[in-house]
Amino acid sequence: MQVIKDNKSLAAAIAELENKKKCEGILLQKHFEFTVHSLNPINMVKEKFNETINSPDLKGKILGTAFSLASGYFTNSLIVGSSANPLKRMLASFVQNKVSSLSSVNTDEVKEKSISFLSNSLQKLKIK
């Protein structure tokens, strides 16, 4: 800041301080609006939802979950078949639950083994 010697320099110093006050007031207002917007619960939920949707591994998680559910369902249909036996159906539900949970935990290993199994099976079916 400059040394004030006369009325002219005093007026310039006052104008400079008022300009600084106005700029800082605008910055403070913008920061307040941003804070209010950020702390709004609806906006927080929207931001988390967008983060989740735009996350890079969401597609892999969805495919893994679908694969584990399909493997459990396939296991259930293999065990039950067309049987009406309630004990067999209860056992099949239990096995379906376990297969689904195991395949969801070990998705990568199950994918590798199932791909190799399918490729071997398809090569055996190949007509020579």
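L91 is situated in helix 4, where helices are DSSP runs of H or I with at least four residues, numbered from the N terminus. The residue is partly exposed, with a relative accessible area of 48%; on this scale, buried means under 20%, exposed over 50%, and partly exposed in between, with a 1.4 Å probe and protein chains only. Between L91 and T75 there are 16 residues in sequence and 11 Å in space, C-alpha to C-alpha. The model is predicted, so local features need pLDDT of at least 70 and side-chain atom pairs count only at pLDDT 80 or more, whereas totals for chains, interfaces and linings use all residues. Residues are numbered from 1 along each chain as its sequence is written, and side-chain values use heavy atoms, with hydrogens and water left out.

T75 also belongs to the lining of the largest pocket, which has a volume of about 330 Å³; of its 12 lining residues, F67, S71, F74, T75 and S114 are the closest to the centre. Two or more lining residues come from each of helix 3 (58–80), helix 4 (86–105) and helix 5 (107–125). Helix 3 contributes the most, with 6 residues. A pocket is here an open set of points on a 1 Å grid over the protein atoms alone, where a 1.4 Å probe fits, with protein on both sides within 12 Å along at least five of seven lines; lining residues have an atom within 4 Å of a point. The volume is the space filled by probe spheres set on the points, which are joined across faces, edges and corners. By class, the lining comprises 8 nonpolar, 4 polar and no charged residues, with Ala, Val, Leu, Ile, Met, Phe, Trp, Tyr, Cys and Pro taken as nonpolar, Asp, Glu, Lys and Arg as charged, and the others, Gly among them, as polar.

The count of salt bridges comes to 1, a salt bridge being a side-chain nitrogen of Lys or Arg within 4 Å of a carboxyl oxygen of Asp or Glu. The side chains of E51 and K48 form a salt bridge at 3.6 Å, N to O. E51 and K48 are 3 residues apart in helix 2 (residues 41–53) and are therefore separated by about one helical turn. K48 is exposed, with a relative accessible area of 52%.

S9, in helix 1 (residues 7–39), is buried, with a relative accessible area of 13%. Neighbours within four places in sequence left aside, S9 is in contact (heavy atoms within 4.5 Å) with Q2, V3 and I4.
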